[in-house]
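My entries follow in the order in which I made them.

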Amino acid sequence: MKPVIQEEISGCGIAASATLAGISYAEAKRRANAMGIYAADPTLWSETAHVRKLLCELGISVSPREAPFESWGRLPDKALMAIKWRLKQGKPFWHWVVFVREGSEAVVLDSKKALKTNARRDFGRIKPKWYIEVTN
């Protein structure tokens, strides 16, 4: 699995969905926009409904609920994760990333354009709040 880089400052949910579906950011954005989902909408990174809807459209199945992050070793082999979680005026916001484990190799695929590498293994620096298991 390869990371898809977000082309908009607030497009991490679209990029994470594209990563899981194995499609380009442009294709995921086109499909999201056709469903009324836009990167500029803050609910894309302050609620899970839009990303869940887009993932369903892309044929990606996920758990119906979020699970609190406990440890890297307890994560499922594939998960959509909320990192950089914070409250702004009482409303939660986060950055979407994808966690993938294949055999003994684990990686966080982060869509942020400014990173030197988007396949992250600096787990001590990443502070997940919760995750959604990807089931296919």
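**Cavity, helix, cores and pocket**

I began with the lining of the largest cavity, which by class has eight nonpolar, two polar and one charged residues; here Ala, Val, Leu, Ile, Met, Phe, Trp, Tyr, Cys and Pro count as nonpolar, Asp, Glu, Lys and Arg as charged, and the others, Gly among them, as polar. I note that this is a predicted model, in which local features need pLDDT of at least 70 and side-chain atom pairs count only at pLDDT 80 or more, while totals for chains, interfaces and linings use all residues. Residues are numbered from 1 along each chain as its sequence is written, and side-chain values use heavy atoms, with hydrogens and water left out.

The volume of the largest cavity came out at about 40 Å³. For the terms, I work on a 1 Å grid over the protein atoms alone, where a cavity is a set of points where a 1.4 Å probe fits but cannot get out, and a pocket is an open set with protein on both sides within 12 Å along at least five of seven lines; lining residues have an atom within 4 Å of a point. Grid points are joined across faces, edges and corners, and a volume is the space filled by probe spheres set on the points. Among the residues lining the largest cavity I found Cys-12, Ala-16, Trp-96 and Val-98.

Next I turned to helix α2 (residues 25-34), where Tyr-25, Ala-28 and Ala-32 are buried (under 20% relative accessible area, 1.4 Å probe, protein chains only). Seen down the axis of α2, the buried residues fall within an arc of 65 degrees, so they line one face of the helix; the arc is that of the directions from the helix axis to the C-beta atoms. These buried residues pack against α1 (12-21) and α3 (49-57); helices (H or I, at least four residues) and strands (E, at least two) are DSSP runs, numbered from the N terminus.

Which residues touch the most other members of the largest nonpolar core? Of its 31 residues, they are Ile-14, Leu-20, Leu-80, Trp-96 and Val-98, a core being a set of buried Ala, Val, Leu, Ile, Met, Phe, Trp, Tyr and Cys residues joined through side-chain atoms within 4.5 Å. The largest share of this core, six residues, comes from α1.

Last, I looked up the largest pocket, with a volume of about 280 Å³. Of the 13 residues lining this pocket, Gln-6, Ile-9, Ser-10, Cys-12 and His-95 are the closest to its centre.

How values were computed: Buried < 20%, exposed > 50% of the residue type's maximum accessible area, 1.4 Å probe, protein only. Contact = heavy atoms within 4.5 Å.
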